[in-house]
Amino acid sequence: MPELPEVETFRRQIADIVDGKKIEDVVVNKDPIVFANVSPAKIKKALLGAKVKCCRRKGKYLWLELDRKPWLILHFGMSGSLEVFEDLPEKQVKYLKLVLVTSKGVVALRDPRRFARIKLAMDPINEKPISSLGFDPLEDFPAAQVLSGILEKRKAPVKAVLLDQSIFAGVGNWMADEILFQARINPHRFAKDLSKAEVKILRSKLLSVVETAVDTGANYDDFPENWLFNHRWGKKAGEVSSGHSIVHDTIGGRTTAWVPDLQK
């Protein structure tokens, strides 16, 4: 599932193609699920001929700020992605939902499982769902003292709290596991029970994981060898990291990989 690092990578990849450019053509492939409460025709009308001021992101949402309203919002769901072409593909590419053409190239939203959502909004940052998002680790993340004050009110497992988008915008399942692994914190512990020192470490590891993942362009093959990420997949007993066994539990309805020998 695209999480913050993937979406930020999408944003950076398409910036040169769309920022400051006029949308010269729009191809819309009808899909009543992906186009959330808005017709493909309305999407095309809003975009065709508009100039993109910039491409922005918060959490897992990406949107285009245009020289007119409304603006395009994208959420990538489980399997959505942005793909870049030099020109419109001569042959039909499977699962493309929306294609934008500028003088610098072609950007397309692809989603084989139809969990992505395409929307329009007049003021995305001040409208739901984006206005409901919490702190973005790359934009406006709070100091440890402020974060401690937030977490001390949460009587829920810290793993579940990390997945709460109203606090941690963009943090997804594998990221939460990685952060807790590196912070050496048991994912079952209630957030309210973390000490101030532990919250400080948690904050540091969260920012480090996000920044490292973004710096690699969300290329999993380039993640550090000692990351839990490289060992967490699958549920086979005996799978290990750093010589210690990985356990898979369900916390907050999500599969959680952690290392009891190291995370206390």
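Modeller: Let us start with the largest cavity, to whose lining β3 (61-66), β4 (71-75), β6 (96-102) and β7 (105-110) each supply at least two residues. Strands here are DSSP runs of E with at least two residues, and helices are runs of H or I with at least four, numbered from the N terminus. The model is predicted, so local features need pLDDT of at least 70 and side-chain atom pairs pLDDT 80 or more, while totals for chains, interfaces and linings use all residues. Residues are numbered from 1 along each chain as its sequence is written, and side-chain values use heavy atoms, without hydrogens or water.

Biologist: Which strand gives the most to the lining of the largest cavity, and how do its lining residues divide by class?

Modeller: Strand β7 gives the most, with three residues. The lining divides into eleven nonpolar, no polar and no charged residues, among them Ile-14, Leu-62, Val-107 and Ala-108. Ala, Val, Leu, Ile, Met, Phe, Trp, Tyr, Cys and Pro count as nonpolar, Asp, Glu, Lys and Arg as charged, and the others, Gly among them, as polar.

Biologist: What lines the largest pocket, and what lines the second largest pocket?

Modeller: Of its 13 lining residues, Pro-2, Glu-6, Phe-10, Gly-80 and Ser-81 lie nearest the centre. Helix α1 (residues 4-18) contributes the largest share, four residues, and by class the lining has six nonpolar, six polar and one charged residues. The second largest pocket has a volume of about 150 Å³, and its lining has three nonpolar, no polar and seven charged residues. Its lining includes Glu-8, Arg-11, Arg-56, Trp-63 and Asp-140. The elements giving two or more residues to that lining are α1 and β2 (52-58), and the largest share, four residues, comes from β2.

Biologist: How is an aromatic pair read, and how many does the structure hold?

Modeller: A pair of aromatic rings is described by the distance of the centres and the angle of the planes. Rings of Phe, Tyr and Trp (its six-membered ring) pair if their centres lie within 6.5 Å; planes under 30 degrees apart are stacked, over 60 edge-to-face and the rest tilted. The structure holds twelve such pairs. In one of them, the ring centres of Trp-174 and Phe-229 lie 5.0 Å apart with the planes at 75°, so the pair is edge-to-face. It links distant parts of the chain, 55 residues apart: Trp-174 is in helix α5 (residues 173-183) and Phe-229 in the loop between α6 (196-215) and β9 (240-241). Together with Tyr-220, Phe-223, Trp-227 and Trp-233, these two residues form one aromatic cluster.

Biologist: Are Trp-174 and Phe-229 buried or exposed?

Modeller: Both Trp-174 and Phe-229 are buried. Buried means under 20% relative accessible area, exposed over 50%, and partly exposed in between (1.4 Å probe, protein chains only).

Biologist: Which residues of helix α2 (residues 40-47) are buried?

Modeller: An α-helix has 3.6 residues a turn, so residues three or four places apart point the same way. In α2 the buried residues are Pro-40, Ile-43, Ala-46 and Leu-47. They cover an arc of only 125° around the axis, which puts them on the same side of α2; the arc is that of the directions from the helix axis to the C-beta atoms. Exposed Ala-41, Lys-42 and Lys-45 are carried on the face turned away from the buried side.

Biologist: Where are the backbone features to examine?

Modeller: A cis peptide bond, with omega about 0°, joins Lys-69 and Pro-70, and Pro-70 is in the loop between β3 and β4. Tyr-95 is not a glycine, yet has a positive phi of about 75°; it lies in the loop between β5 (81-85) and β6.

Terms used:
On a 1 Å grid over the protein atoms alone, a cavity is a set of points where a 1.4 Å probe fits but cannot get out, and a pocket is an open set with protein on both sides within 12 Å along at least five of seven lines; lining residues have an atom within 4 Å of a point. Grid points are joined across faces, edges and corners, and a volume is the space filled by probe spheres set on the points.
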